[in-house]
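User: Could you walk me through this model, one feature at a time? I would like the general idea and then the case at hand.

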Amino acid sequence: MIKTQNLTKHYQGLVAVEDLTFSVEPGEVLGFLGPNGAGKSTTMRMIAGFVTPTSGSASICGFDVATQPIAAKTALGYLPEGAPCYGEMTVAGFLDFIADLRALEGATRKTRLDYVIGRLQLDGVLEQSIDTLSKGFKRRVGLAQAIVHDPKVLILDEPTDGLDPVQKHEVRTLISEIAKEKTIVISTHILEEVDAVCTRAIIIAHGRLVADDTPAGLKARAPSGRLDDVFRAVAA
Amino acid sequence: MNKVRIILRREFASYFATPLAYVFIVIFLILAGVCTFSLGGLYESGQADLAPLFRLLPWLYLFLVPAVSMRLWAEERKSGTIELLFTQPVTLWQAVLGKFFAAWLFVGIALALTFPTWITVNYLGNPDNGAVLAGYIGAFIMAGAYLAVGSCMSALTNNQVIAFVLTAVVCFAFALAGLPAVTEWSRGLFDWMAGWSFMGAGAKDVVHSIDNAVTDGIAGLSFLTHFESISKGVLALRDLLYFGLVITFFLLSSAALLEKRK
């Protein structure tokens, strides 16, 4: 599970995230919504331990990100925005590297690698260097990296960005499939995605939390019953 | 498996995944040859040793080592992989050390590939091979100091060209500090100050002792001063300690810079 307590980040006087408190329980898929620049990525980076908060704290599975970073990161699978990978490495080499860092060994290692390679259909490109892959494949390599160690908590920053409709559907199916016992946070600005995979949605604007509800509850807030009307109303 | 070693291995392999490694090694070996035989005048000196190579090595490092170190952090920043790396269960230190050792190992291999020169002097005469070995150890450790500076400069920016230029300039200052021209200039400055007419004898003594401290301090900071005795075959603890301290200082600075920019 994920907990944040008064999470705040200022950049030289600029407010990126202000006083964000929420928690996500196992079994939940939280959709993180907000206009561009609202502070979605900054929040995810703080939870993942890449950005140090100005004040406040975050914890993953009870491990404080600031004081027990290794334990927190061990429990976490994280897909950074844009799915950065080491471009000169082959897909197989890259996944091996991540499996090494994640201390996967023996039979588990083989099972997990086989699973992510099969599940994300990377079989055909294993020996290709990541630089030569299409955007869709790069994104899938990033996803494979995030789930290879079967983490309890998964944070995915725009997991379907740049994928075609078929691949988008594939990724959503994958998320729903592994969602049962995991805590998942995905950020997106595709509102249909919230309907498709999320059990709950948070909308942030200008770094502040402006709505926290189930997708159905959010829809009920607008007379039209459409999610994008709600989004426009609260995010303005 | 040790995390430092995992990062070291990935980083080291990445040098060879691009033409960088091959271009670097070929250019390094050509220039090392030029330094030894042409600029250093190995044949003309009439001595069978590697002094010509070691004498010019600090200057050769000056523009080749920054080319290896500039990508250490700047590239990770630019491509965003730094976010991937630092959200894995690794500590900042494991990453700093893994990357530094990979670069050091790589330069070490380039250095070791100058061995035909060593074979040549053995063919031509009877060099003191112990001294040659000490020289190589010194050259390797000095490369570590250059690379640690480079790691720090690369952590400072996400632009590789800026990292290259800053590393070259800082290393140049460290090398320059030991040149006779610099120490003479420093002494001259203090002599001039001591010559001021209003100075009493006591004040002059003070100026001279400051002069000694500052000038020795500047010379003591130099890569050249410390490498010179090693390259002659004297592996003094003092010099090894000096390079160890330079490496430690700049790696600590790298880690502090990376932490600060989180």
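Analyst: Let's begin with two terms. Two residues are in contact if their C-beta atoms, placed from the backbone, lie within 7 Å. Helices (H or I, at least four residues) and strands (E, at least two) are DSSP runs, numbered from the N terminus. The model is predicted, with local features requiring pLDDT of at least 70 and side-chain atom pairs pLDDT 80 or more, while totals for chains, interfaces and linings use all residues. Residues are numbered from 1 along each chain as its sequence is written, and chains are lettered from A and ligands numbered from 1 in the order in which they are written.

User: Which residues of helix 9 of chain B meet helix 13 of chain B?

Analyst: From helix 9 of chain B come Ala134(B), Gly135(B), Gly138(B), Met142(B) and Ala145(B). They meet Phe223(B), Phe227(B), Ile230(B) and Ser231(B) in helix 13 of chain B.

User: At what angle do helix 9 and helix 13 of chain B pack?

Analyst: Axes are lines fitted to C-alpha atoms, for helices over the stretch in contact, and angles run from 0 to 180 degrees between N-to-C directions. Helix 9 (residues 129–156) and helix 13 (residues 223–231) of chain B pack at about 160°, and their axes are 8 Å apart. That makes helix 9 of chain B roughly antiparallel to helix 13 of chain B; the classes are roughly parallel under 35 degrees, roughly antiparallel over 145, roughly perpendicular at 65 to 115, and oblique for the rest.

User: Which residues are buried in helix 2 of chain B?

Analyst: A residue is buried if 20 or more other C-beta atoms lie within 10 Å of its own, exposed if 12 or fewer, and partly exposed in between, with C-beta atoms placed from the backbone. In helix 2 (residues 20–39) of chain B, the buried ones are Phe28(B), Ala32(B), Cys35(B) and Thr36(B). Seen down the axis of helix 2 of chain B, these buried residues fall within an arc of 85°, so they line one face of the helix. The arc is that of the directions from the helix axis to the C-beta atoms. As a general rule, an α-helix has 3.6 residues a turn, so residues three or four places apart point the same way.

User: And what lies on the other side of helix 2 of chain B, and what covers its buried residues?

Analyst: Tyr22(B), Val23(B), Ile30(B) and Ser38(B) are exposed on the other side of helix 2 of chain B. The cover over its buried residues includes helix 3 (42–45), helix 4 (51–69), helix 7 (92–112) and helix 8 (115–124) of chain B. After helix 2 of chain B comes Gly41(B), with a positive phi near 60°.

User: Now the sheets, please. In what order do the six strands of chain A form an open sheet?

Analyst: Strands of a sheet pair through backbone hydrogen bonds, either parallel or antiparallel. Here, two strands pair if DSSP finds at least two bridges between them. The order in chain A is 6-7-8-3-9-10, with mixed pairing. Strand 6 (76–79) and strand 10 (208–213) of chain A are the edge strands, each pairing on one side only.

User: How many bridges join strand 3 of chain A to strand 8 of chain A?

Analyst: Four bridges join strand 3 (residues 29–33) to strand 8 (residues 183–187) of chain A, and the two run parallel. Leu30(A) has Val185(A) as its bridge partner in strand 8 of chain A. Strand 3 of chain A also runs parallel to strand 9 of chain A, joined by four bridges, and there Gly31(A) stands opposite Ala201(A). Strands 9 and 10 of chain A pair in the antiparallel sense over five bridges. In their hairpin, which has two residues between the strands, His206(A) takes a positive phi near 50°.

User: What is the strand order in the sheet of four strands in chain A?

Analyst: That open sheet has the order 2-1-4-5 and antiparallel pairing. Strand 2 (14–24) and strand 5 (63–64) of chain A stand at its edges with a single partner strand each, so one side of each is left without a neighbour in the sheet. Seven bridges pair strand 1 (residues 2–11) with strand 2 of chain A, and Ile2(A) stands opposite Val24(A). Helix 1 (residues 40–48) of chain A lies across strand 1, strand 2 and strand 4 (55–60) of chain A, at about 120° to strand 1.

User: Where is Ala103(A) found?

Analyst: Ala103(A) sits in the loop between helix 3 (91–101) and helix 4 (106–119) of chain A. Its phi is near 55°, a positive value in a residue other than glycine. With 14 C-beta neighbours inside 10 Å, Ala103(A) counts as partly exposed.
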